Amino acid sequence: MAEAGSCTASAAEGKEDFEIIDKTQVPNAAELKNQEQGRTEEARWSAPILSLAKKASENLALSYGHALKSASLVGFMSKPVSNDSTAKTTVSPHTGARCHAMEERANLMNMMKLSIKTLIQSALSLGRTLDSDFPPLQQFFVVLEHCLKHGLKVKKTFIGQNKSFFGPLELVEKLCPEASDIATSVKNLPELKTAVGRGRAWLYLALMQKKLADYLKVLLDHKHLLSEFYEPDALMMEEEGAVIVGLLVGLNVIDANLCLKGEDLDSQVGVIDFSLYLKETQDSDGKQDGGITAVLDQKHYVEELNRHLSCTVADLQNKIDCLEKTNSKLQEELAAATDRIGSLQEEQQQLKQQNELIRERSEKSVEVTKEDTKVELDTYKQSRQGLDEMYSDVWKQLKEEKKIRLELEKELELQIGMKTEMEIAMKLLEKDTHEKQDTLVALRQQLEEVKAINLQMFHKSQNAECSLQQKTEAISSFEGKTNEMMSSMKQMEERLQHAEKARQAAEERCNKMKQELAGRLDSCRQQMSQLDSKCSTLEKELKSEKEQRQTLQRELHQEKDATTLLKTELQQMEGLKKELRKLQDEKQQLEKVCEEQEQALQEMGLHLSQSKLKMEDIKEVNKALKGHTWLKDDEATHCKQCDKEFSISRRKHHCRNCGDIFCNTCSSNELALPSYPKPVRVCDTCHTLLLQRCSSNSS
């Protein structure tokens, strides 16, 4: 019993992986009596769970006892005898850690059994596919997460320490190719930012595929790979892991439909709620335990009711707000509709009045037209005879005019053709003039840039000369200081030599005095004390002079370093002077080039027509080459040429010619394209194609 007590005490000192949710609202006794009748149905399914929990606790106690006995037999537990001859057990920290690990594994395995059993029973009683809001399913994932986290090693990265169960789950993709779909779908979810969130999403998808037990069994079959992530006494490395995998096979009966989009898997807190498994106690536990469990059950039931009621109230409030908004909008629309109806009625009355007026006017006009038609018929009959005679004359004239018109149309067509040719010639001349003006403007801009560069180089040369003068003055001042320091060093060395000579003379005097005045010990002792004091003073002076000498030597070294720096700066200034001369030479060359370009401007007018034709050919070539679309960054995950995957070290680069995405090695070339004035990045294939095109055009 002492051994069991020491083991449980050491286990209590360790950190526990579970938290019990604390609720504060407790119902009254009257409410408890009213709701005891509704708990009879719950007792049917909660009784086997409670019996299983009791068996698990008994197995735990037995396993602790066996473990402690075996540890004491092997020699892990030492029993020293005190002066009072009472046996006291002392537990080493190593055995305490092992006991704590065994206790954690047993607790996790029992919790896993409970969570799987409640999940299967509740799912079968529910009789439909489960979603992510189902409480037993949520608690199952929390317990499974604790099991996978048990005994994880802390990995140090350049960001910091990392401890996540998603690392061993990633191995499944390599060991089992069927799990590649899960890995790719988890990586493609943009809302998952942490490894914990990715691991939870992986577990959700594996449960939906009904292959969670198969994937974990593959991991347990390769324990040499799991040793990189778990400690030797972790749950996944021991026999309890195989037991849990066997229990997970029973979950293939359940159908789950879990939506990952919109859920915040990164920030969820994995806390085990024991209230799901402790809903009723047995009669043998006593009246006090029965009352406490009843209170807890009633409390959780009331809290669930309150939570559901608060959710429904919030939903109803939102619906009321929406209805009020729609009601106000409908009222506004009603008022606008009534206004429109009134205006339409007024318009209808006005239209009726206008219709009556139009009808009266039309009747009057019909009568007038009838009278006019009668008069016109009489006049028409009289004029018909004269018109027949006129018609024959006009027919002859018409034939003559048609002949003349045909001749005029032919002349007009000739003139129109001449006009179109003239317009085409005018447009070509205007294009030539515009292109010549553009080239003139570009050359003038180049001239201005060259002039600005010359001015900048002149200012730089002036600044360099000023800094040279300042540095030469500083060098001269430093040389004067070094000369002064050398003279002071020589004086100090002379002082040292004098002090050493005085010391030698004093020592000689002391020796003579000892030989002469051996009998006079008292007087000699007094003189010796005086001489010792003098020697100490002289030694102090020597030490101070040595320290001064060391400080002077340090100052000398510093001055030498400063002089070397100044010399290097002088050399740099000489290099700057050489660069200035080179720049001046380049300036003269540029001026010559500008003069040559001004002369070449006149000659450019003759070659403009030829260059225009060449430009059209090049544009056609570029159109043929630029037929590709510009790929987006999200659409490409591998290099198009070498088929390597992109990462933080291997970045994406667009080819400015074809628009595809390549890595840096496959797109390291640069060429000047017609659409870009400066040389831009081009892939290897486009580079060879463009070079071949240029060589063929030049030949």
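Where is the place of K210? In this predicted model, K210 sits in the loop between α8 (195–209) and α9 (212–221). Its backbone stands out: phi of K210 is near 60 degrees, a positive value in a residue other than glycine. K210 is partly exposed, with a relative accessible area of 32%. That value falls in the partly exposed class because buried means under 20% and exposed means over 50%.

D643 also has a positive phi, of about 60 degrees, although D643 is not a glycine. D643 belongs to the loop between α13 and β5 (653–654). Its relative accessibility is 55%, so D643 counts as exposed.

The overall fold was considered next. The protein has 14 helices and eight strands. Of its 699 residues, 24% are buried. Among contacts with a separation of 6 or more, 69% join residues 24 or more positions apart.

One is negative and comprises E356, E360, E363, E367, E371, D372 and E376. Within this group, E367 is placed in helix α12, which covers residues 287–516. E367 has 53% relative accessibility and therefore counts as exposed.

K578 lies in helix α13, spanning residues 521–625. The relative accessible area of K578 is 54%, so this lysine is exposed.

A further lysine was examined in a loop between strands. K678 occupies the loop between β7 (669–672) and β8 (679–682). At 63% relative accessibility, K678 counts as exposed. Leaving aside residues up to four places away in sequence, K678 touches L671 and A672.

E367 is in α12 and K578 is in α13. K210 lies in the loop between α8 and α9, D643 in the loop between α13 and β5, and K678 in the loop between β7 and β8.

Key:
Residues are numbered from 1 along each chain as its sequence is written. This is a predicted model: local features need pLDDT of at least 70, side-chain atom pairs count only at pLDDT 80 or more; totals for chains, interfaces and linings use all residues. Side-chain values use heavy atoms; hydrogens and water are left out. Helices (H or I, at least four residues) and strands (E, at least two) are DSSP runs, numbered from the N terminus. Buried means under 20% relative accessible area, exposed over 50%, partly exposed in between (1.4 Å probe, protein chains only). Patches are made of residues with over 30% relative accessible area and no salt bridge: like charges are joined within 9 Å, nonpolar side chains (Val, Leu, Ile, Met, Phe, Trp, Tyr) within 5 Å. Accessible areas come from the Shrake-Rupley method with a 1.4 Å probe; for residues, only the protein chains shown count as cover. A salt bridge is a side-chain nitrogen of Lys or Arg within 4 Å of a carboxyl oxygen of Asp or Glu. Lys and Arg count as positive and Asp and Glu as negative; His and the chain ends are not counted. The place of a charge is taken as NZ of Lys, CZ of Arg, CG of Asp or CD of Glu. Contact means heavy atoms within 4.5 Å.
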